[in-house]
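The following note sets out numbered comments for a colleague who will read them beside the model. Each point takes up one part of the chain.

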Amino acid sequence: MGITRGLVITVLFGIVLFLLIPAYVPRPRFIPGFAPPPDMWPRTVSMLGMALGILLVGLSCSRKTEAIADPEDARSIRGDTPLATLLTRFGWTVLAFALFIGSVMLLGFLLSSILLLMAMLILTGYWRHKVVATIVAVALPLVLYLFFSSALNTRFPVGSLFKAIGI
């Protein structure tokens, strides 16, 4: 089971690294000074994801992992949650990411990220702690946005709605 997971993770990050980034992240011919190219962080995350997938495959091949493996692994992970409920949550997760991609150009990266994180917290059940979840959903994207835009001079989409308002 771990080998399959590792291969799927490696393939997905490989698709992002070798197909999606070259096709959708423009790389200018000239980059002034020591500024990182726009595709640096997506490539870094994709390479780390591939490395983790390969590491999972390697660890799954060891004999210690096979001895510990539980035949009821999937049942113990999902507990008493029916498979239909898990598939419904997966569908909502895919829909949330699709809406995030669509909303970035309209609402901008920051607001879309906050809404996506709120949706993920609701889908994982962490929304029971509403105050903490709201603070995390607003503060984490804001801190990451400020770090990348200030320290690394990375530009993010502002959103056509805020451009029309003049913000």
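1. V25 sits in the loop that runs between helix 1 and helix 2 (40–60); helices here are DSSP runs of H or I with at least four residues, strands are runs of E with at least two, and both are numbered from the N terminus. The model is a predicted one, in which local features need pLDDT of at least 70, side-chain atom pairs count only at pLDDT 80 or more, and totals for chains, interfaces and linings use all residues. Residues are numbered from 1 along each chain as its sequence is written, and side-chain values use heavy atoms, with hydrogens and water left out.

2. V25 has a relative accessible area of 23% and is therefore partly exposed. On this scale, buried means under 20% relative accessible area, exposed means over 50%, and partly exposed lies in between (1.4 Å probe, protein chains only). Apart from neighbours within four places in sequence, V25 is in contact with L20, P38 and D39, where contact means heavy atoms within 4.5 Å.

3. The term denotes a side-chain nitrogen of Lys or Arg within 4 Å of a carboxyl oxygen of Asp or Glu. The structure holds one such bridge. In general, side chains of opposite charge can pair when their charged atoms come close.

4. Helix 1 covers residues 2–24 and includes T10. With a relative accessible area of 14%, T10 is buried. Which residues does T10 touch, not counting those up to four places away in sequence? They are M50, G53 and I54.

5. I3 likewise belongs to helix 1, and its relative accessibility of 35% makes it partly exposed. Leaving aside neighbours within four places in sequence, I3 contacts V57, S60 and C61. The C-alpha atoms of I3 and G58 are 7.8 Å apart, with the two residues 55 apart along the chain.

6. A nonpolar surface patch is formed by V8, V11, L12, I15, F18, L19, L20 and Y24, with about 830 Å² of accessible area together. Patches are made of residues with over 30% relative accessible area and no salt bridge; like charges are joined within 9 Å, and nonpolar side chains (Val, Leu, Ile, Met, Phe, Trp, Tyr) within 5 Å. Accessible areas come from the Shrake-Rupley method with a 1.4 Å probe, and for residues only the protein chains shown count as cover. Y24 lies in helix 1 and counts as exposed, at 65% relative accessibility.

7. The UniProt record, an unreviewed entry, lists residues 7–25, 45–62 and 131–152 under "transmembrane region". UniProt positions are given in the numbering used here, feature names are shortened, and annotations may be inferred rather than shown by experiment. In the model, residues 45–62 are 89% helix and 0% strand, and the end C-alpha atoms are 26 Å apart. Residues 131–152 are 95% helix and 0% strand, with 31 Å between the end C-alpha atoms.

8. Three aromatic pairs are found in a search of the whole structure. F100 and F109 form an edge-to-face pair, at 6.2 Å centre to centre and 70 degrees between the planes. Rings of Phe, Tyr and Trp (its six-membered ring) pair if their centres lie within 6.5 Å; planes under 30 degrees apart count as stacked, over 60 as edge-to-face and the rest as tilted. F100 is buried, at 17% relative accessibility, and F109 is partly exposed, at 26%. The pair of F147 and F148 is also edge-to-face, because the ring centres are 5.2 Å apart and the planes meet at 80 degrees. Ring pairs join W41, F147 and F148 into a cluster.

9. Finally, the chain as a whole. The chain has eight helices and zero strands, and buried residues make up 18% of its 167 residues. Among contacts between residues at least 6 apart in sequence, 58% join residues at least 24 apart. The chain exposes about 12300 Å², of which carbon and sulfur atoms supply 74%.
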